[in-house]
Structure formats: C-alpha cells, structure tokens
2 protein chains.
Amino acid sequence: MDDSAQPETRSQSRRPTIVIIGGGFAGLAAAGTLASKAVDVTIIDRRNHHLFQPLLYQVATAALEPSTIAMPIRRLFRKAKHVEVILDEVVSIDLPRNLVIARNGEVPYDYLVVAAGATHSYFGHDQWEEAAPGLKTIEDAVTIRQRVLVAFEAAEREPDPQIKREWMTFVVIGGGPTGVELAGAIAEIGNRVIERDFRRTGRTRVILIEAGPRLLPTMSEKSSENALRQLKKLGAEVMLGSAVTAVDDNTVSCGAAQIRTRTAIWAAGVAANPLGRALGAPLDRAGRVQVNSDLSVPGARNVFVVGDLAALSCQGKPVPGVAPAAIQEGRHAARNILRAIDSKPGDPFRYFDKGSLATIGKGAAVADIGRLHLSGMIAWLAWAGIHIVYLLGGRNRFLTLTEWAWMYFRNDRGARLITGDVEALYERGTQPHPKH
Amino acid sequence: MDDSAQPETRSQSRRPTIVIIGGGFAGLAAAGTLASKAVDVTIIDRRNHHLFQPLLYQVATAALEPSTIAMPIRRLFRKAKHVEVILDEVVSIDLPRNLVIARNGEVPYDYLVVAAGATHSYFGHDQWEEAAPGLKTIEDAVTIRQRVLVAFEAAEREPDPQIKREWMTFVVIGGGPTGVELAGAIAEIGNRVIERDFRRTGRTRVILIEAGPRLLPTMSEKSSENALRQLKKLGAEVMLGSAVTAVDDNTVSCGAAQIRTRTAIWAAGVAANPLGRALGAPLDRAGRVQVNSDLSVPGARNVFVVGDLAALSCQGKPVPGVAPAAIQEGRHAARNILRAIDSKPGDPFRYFDKGSLATIGKGAAVADIGRLHLSGMIAWLAWAGIHIVYLLGGRNRFLTLTEWAWMYFRNDRGARLITGDVEALYERGTQPHPKH
C-alpha cells in the first residue's frame, strides 16, 4: 500500500539525450526513427495524443468521434523502452544551456527537435475568432460540431423566418483543403440528414469564400475546377476573389457584400507556433523558422526544426505544410542527429512530393499525382485508402472504415452529439442581434 | 436563396397534444407507444440525444466514446410524422393553464408526461462535488475520464513519491452498480493498460467506499459477496460500513480514517429533478413525486410522472430506479393516456421485475434473475448481451461490440483521449496542498 513509488530509473549512461517538442506527424516521425537507436528520446507534448489532422474536419462535421483520429502518444512507444513521453507545455527554450523550459520543469537535451506546428491566423483580426472559430485541435472540432448541430436545432424552433434563414446559412472562410472539405460536408448534412430528421428548418445554405482566384490554390488548376464543380453539385455556393473584411456573430462581410449567418468557420490562415521565436533564428512572415538545408537552426547546430514550424525551399519551391512533408522532415532531422552523433555532417533535406488530395463529399474528391489529375469516385477512393493507411492503430482504422461505410450506405452521420452548454450556444447567436 | 423559410405546418386538427418532458428511457417508451396513434406528440429535452445511462461508466473509464451510447432523439422519430422534438430546457409547469414553460417559449398540452429523471445528491454537502464529481451526463463522464487519465500522467512526471501515490490512488464513493462498475474498470486500467504504457507511475490503488454493510444493496446477498470477491481479485480495496464524512481535493475522510487521493468519484446518492416540485403533489425524501397507482399526479389527472422522478410501490415493494422500470412506466402512462382519450379510467401500474445485473470487469459480473444468482463469465456474457440488445441503433451496437472485442482481446481501451484544459486539471489537484 505504501511502497508503490518506484525509484527513478533514468538511465545514467552516456547515451545522447534527444528531446522532441510536439507529437504531430513530424515529431512522431523523428521519434520513430530514433526509437531503436542508441539514444534516449523524450517527447514533450501538451496533449496526451497524436492527432490525425487530415480527418479533423470529419469530427467537426459529426462523421467521426475524436478518439478515432487520436492516439495516445505513449501507447505508440509502449515497446520502445528508451522513449519517454511527458505531458507538459513548453514555454521556452534556453539554447545556451541546452534546456527546454516547460511549465512543470526543465528538460536537458543534447539534441533538440522542435516540431511544435502551427495554429490558425486571423491576419491581425483576432476578434473574429469568437464568431468564426478555426480548426486545429480536437476542442476546435467539437466546438464547430456543436455550433453546426445547434444551428439546425435553433432553426427548427425559430418562428421568425429571417432568423431561421440565418441559422440555416453556413459560411466557410478559406478555400484550401480544409475549407473545401468543411463546405462539402456541411452541404451533405443539409441535403441528406437534416431534411429527414427535422420538420421545418427550411433549406441549408452553404457559402465558401476564397480570397484568391481559385479553390485549392496549392493543387492543379484542373483539380480546382473539378472541386468547384463537385461542390456546386452538392448545392454549396462558392465566392472566389472575395476577401473577408469583417466577421461578427450575425454577419460575414466581403466589402459591400454582407452575408447574414449564425455559423461561420475560419479555414483561411496559418501561423506558426510562437515557440519559433525562442530560437533566435530568422522567421518568415507566417512566423516559421527559416532553417538550414539540413533542417538545423542557424546558430544552433544541435537544434532542428521540422513540420509546419519550419520554412525551407527545396529545388526552388517552398516545401508545403502537409503531413507527408512533415513526416519526411522528421525522419530526416533524426537521421542528421544520428550523423552528428557519429561526427558526420548533416545531409540536405529533399522533399519528395507524393501528390495531393482533397475530398468534397461522398464519392467526390480531387487528386493530383504527378501529372495525373483525378476527380470524382476514383479520387475519393484514393483519398479514403490513403487516409486509412496513414491513420495510426488498427482500432482507429477499423472504426473509421465502419463509420465511413455507415455514412456511405445509410447517408447518416454517427457522431451527432451536442454536449456542453447548449443554451449558451443559442444565445451566442441571439444576443447581439440589432434588427430583431 | 431567400425563399428557404417554410410555412409553419403545425397540424390544426383536433388531435390531442401530448407533451413529454425528457428523452430518457421513460420518455422514449411513452413516445414510442404514442407515435403511431391519433395524437400529436412533442418531446422536450435540454439535450439533443437519448443517453444509454447503463454504459455511461464505460465512457468515464475510456472504453467507449460518448456518441456510441447516445442517439439523437429526433433520429429515433424520423419516420413518426406526428412526433416533434424540441431542444429546450423546461423551467416550470403551469398546471391550471396546461402549459409547459420552457426557456424559449411555452408549450400547451392536453396530456403531459413528466420524465425528467434524477441527478446525483451529495446529501447536503454540495461542496464535495468539485472534488468528487458524479456520473449522470456525458459531460460528467468526460470530466471523470479526463481526471483519471490526467492522474496517471501526473503520477508519471511527479518526482515526490508521496504525491505520486496520491495521484495513483482512486476513491469511488458508493457501492451501488455504478460504484462497483467504476471501481472495477479503474482497477483494470491500472492492472492492464498503465503498466505497459507508463514507466514510473507505481502501482494503481482503487478504494471503493460503501456506507452500508454490503455492495449492491438492491441485489441478492449472494451477488453482493460475489461482487466483493471479484473486485478484490482485480486488486480493488473495498471499505464497507464506512460513511464518508468529508471530501476535498486531496483527501476523502471516513470519520478518523483519511485517504489521500487526487481522484475521487461520487456514485452514492440520487436526487430527483427539481421539476417535481412544480406539480404540487407530495414528494418523497429524494424529491420524487408520489404518483397515483395509474402513474398520474394527485390533483392533476392529465399529468403523469414516470421514470426516476416517480415514487410508487408495487405489491408492497418500491419500484427501483432502473431502466426496465422506467420503460415499463413510460409505456404504461402512454396507454393510460390513450384510455383517458377514450374516456376510460386508468389501469394501475404493475412492475415486472426481469432481474438485475452489475458488471465488475472483463469476464466478471453478477446477475440475479428470479431465484437464480449468476456470477463470473456467464453473468458477464448475460450482461453484455442484454446491454447490446437494449442499446439504440445498429451503428451504436456494432461500435460497442467492436470496442468490447478490442478491449477483451487486446486488454486496451480505445477512448484514452484527454481534452480540455489539461494544466487546470493538474493544478486542481496541486493547488490546495498544505503539506508539500
């Protein structure tokens, strides 16, 4: 009863200690490469789970439950006895002393991998966040899911037709993959689920706003056109070349055009984790660390930055902030650390572009693979297959396949659960309402 | 674009309107009985989902995800065109005017079924709730799950052996089915999951405290003994005849005995929904409405109370607050309403006791079925089968079976996801800590 404490068993050998900040794609890839080597690895994350971000929008649209796309980090390294996981938040990095400063203690390192990722950026309009939340964490996804589901409930019970229309109007800001996926999924819910379960909500209206001239700007023009066509087929409206100039609880404005809505979602900007500033290296406009070609930090050769926090170009093109790039960078930094331990110089990083995909709805997606541009069902099957393969854990794969099969054949969504303070969500839309 | 509002299509016929407050077992049973009859039914609930409470402890112990044991109420009545669902919170009932007063409007009724259920009671010590949350809602379950998972994380990173032991000590207060199930599940997590994924937490200690002389007081003495034996086999400690006298963030006290713990869970008392007071009828000590034998309210023959909010005896024995009783009462009240519409007197309610079950862990449960007392694997299989059958929806049944199979064969738990403000959870246990 009283002898359950175990002595500290930290290895006192001369194995180099590598600390990895962040358990996303880049951090896990680095840890995985180092796990079987003669080094001690410590992963620090403020969450206990790795999050499979490419499917986060499915949590936000009531298709998947959070735990299906998350995996406890320490379970991934259950069998790796020299990998340790600490649940803590890093607040700073002390480069001269080789120390990571976390909220609950300091962690010394010989080599450091910073894979702290990015969050959404409101381009200097942080006050828009309350009305138009972004999508980066499980909590964000649950917030958006609640708002979308409550909007339908509120429309159902609202007698005023004008307010009812506002509840039934959904605005997604940003036409990248996340925005396209969100707009398509909400349009599908409106078309397929809502009209069966509700009695008098009226029609669902989904508007996707993109500041640039086309959707999915990082993909081919062909895929942009295909995505636009498939979105319109689902009933979504797309506004291209429209920069949002104001957002509040009832209105999204693009210059003179005003859209009355009670549910706006932000999928537009990305800002790097502010931890990048602690490294004393030059940052790009989005706050990302401009790393050396071997992914190390200028002025700190034992510190590497990988994933969305790193800015670098490869063969003249910037490496995109996508999961495959993060994984390749994480592995590369780990290999360069092993080279450094062996007193070898670091190799330059080369990005291998495997192609890119975005999904719009059931049987609707676009894919660029080399010079190949796929669209429709074949792209959707490619998308589904790749995401199942990359999802971590047999349980998660199986549950995701089950939910997708359910959605596909029953046209229904499993995770339609509103939790938290429902009345507060109603009132959020109702309080500052000048015209009614 | 601007004609999406539909006209109000509420039936103006002379069909009687029946309002049901609450979408739990009792309310759904009443609605289901009435759905195909010549009546208009309105279900009001402050949640959009029916919750399968018997499996709520599995959400609290990271075995199932919330949406697996919840079902949107309106989906259940998708095909019942005369059943309407309103997401709103009832604040009062105006008996003379036959009106339900909800936060966002008034709902008139010809007949009313009050199935508002119960919550936990701290026997006048509401200040204990912060340190020892109860388990009635999805939010409660997620709170408990977070505290349990964070406790292991905190133990892992805590250098002080005394505090480490406090994090690894879990106290469950109340030896009814929920308390037994929670204690068993936490002991299993400690035995099977934690020692594989953590490096230096030390041993898990689970203590179940019951004020009465035996566990599961509503079951047979044989089952109480079997439950005690199976819990001890899992490594849980059981304190019988021990009334809790104080609870704070670090300590649970039973008179002179003090248990140092950072995670206490309340599974002891039940109090009826305060809405019962609005009915002007006599209440019992737990605040439940003492209904007539036909389940109507004394003095209001068109109002019925069913489920955990109703107090009545049947053949000299009080009807227990369990799901089968709630379902039987809901159906019976619905039938008596149909009789009243036909100007017939109400029939008295008779409770048919199908038996009772409680589960302790993998392959461990107890069951009383008539004079039969089952234990171990056979009781566990009966428990699992019955719960799968009663769970609503093919998707939920399938996902639950999948998760159980995963747990059974892999000894792992799928829903080990910590969300929300993790640091606040640590600090909750750390702040008021006088001795360290």
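Good morning. I begin with A:Leu112, which is found in strand 9 (residues 111-114) of chain A. Helices (H or I, at least four residues) and strands (E, at least two) are DSSP runs, numbered from the N terminus. The model is predicted: local features need pLDDT of at least 70, side-chain atom pairs count only at pLDDT 80 or more, and totals for chains, interfaces and linings use all residues. Residues are numbered from 1 along each chain as its sequence is written, while chains are lettered from A and ligands numbered from 1 in the order in which they are written.

Is A:Leu112 buried or exposed? A:Leu112 is buried, with 26 other C-beta atoms within 10 Å. Leaving aside neighbours within four places in sequence, A:Leu112 is in contact with A:Val19, A:Val100, A:Asn302 and A:Val303. Contact here requires that the C-beta atoms of two residues, placed from the backbone, lie within 7 Å. The C-alpha atoms of A:Leu112 and A:Leu99 are separated by 9.1 Å, and these residues are 13 residues apart along the chain.

I now turn to the domains of chain A. The assignment gives domain 1 (17-46 + 88-117 + 273-341) and domain 2 (125-268 + 362-430); such bounds come from an automatic or database domain assignment. The C-alpha centres of domain 1 and domain 2 of chain A lie 33 Å apart.

Next, a pair of helices. Two packed helices are described by the angle between their axes and the distance between the axes. In chain A, helix 1 (residues 25-34) packs with helix 8 (residues 323-341) at an angle of about 35°, and their axes are 7 Å apart. Axes are lines fitted to C-alpha atoms, for helices over the stretch in contact, and angles run from 0 to 180 degrees between N-to-C directions. Among the residues that make this contact are A:Phe25, A:Leu28 and A:Thr33 of helix 1 of chain A, and A:Ala323, A:Ile327 and A:Arg331 of helix 8 of chain A. Eight of the ten residues of helix 1 of chain A are buried, so this helix is largely enclosed by the rest of the structure. The buried residues include A:Gly27, A:Ala31 and A:Leu34.

What of the nonpolar core? In soluble globular proteins, nonpolar side chains tend to be buried together. The largest nonpolar core has 279 residues, of which A:Ile173 and B:Ile173 touch the most other members. Such a core is a set of buried Ala, Val, Leu, Ile, Met, Phe, Trp, Tyr and Cys residues joined through C-beta atoms within 7 Å. Beyond four places in sequence, the contacts of A:Ile173 include A:Ala132, A:Ile209, A:Val244 and A:Trp266.

Three strands of chain B form an open sheet in the order 25-26-27, with antiparallel pairing. Strand 25 and strand 27 (372-375) of chain B stand at the edges, each with a single partner strand, so one side of each is left without a neighbour in the sheet. Neighbouring strands of this sheet are turned by 10° against each other on average, direction ignored. Two strands pair if DSSP finds at least two bridges between them. Five bridges join strand 25 of chain B to strand 26 (residues 364-369) of chain B, and B:Ser356 has B:Asp368 as its bridge partner in strand 26 of chain B. Four bridges join strand 26 of chain B to strand 27 of chain B, where B:Leu374 is the bridge partner of B:Ala367. Helix 9 (residues 377-390) of chain B packs on the sheet, touching strand 25, strand 26 and strand 27 of chain B.

How is strand 25 of chain B placed? Strand 25 (residues 356-361) of chain B is mostly covered, with five of its six residues buried. Two residues lie between the strands in the hairpin of strand 25 and strand 26 of chain B, and there B:Gly363 takes a positive phi near 70°.

A:Gln315 has a value of about 55°, and B:Leu216 has one of about 45°. A:Gln315 counts as exposed, with 8 C-beta neighbours inside 10 Å, whereas B:Leu216 is buried, with 25 other C-beta atoms within 10 Å. Thank you.

Technical notes: A residue is buried if 20 or more other C-beta atoms lie within 10 Å of its own, exposed if 12 or fewer, and partly exposed in between; C-beta atoms are placed from the backbone.
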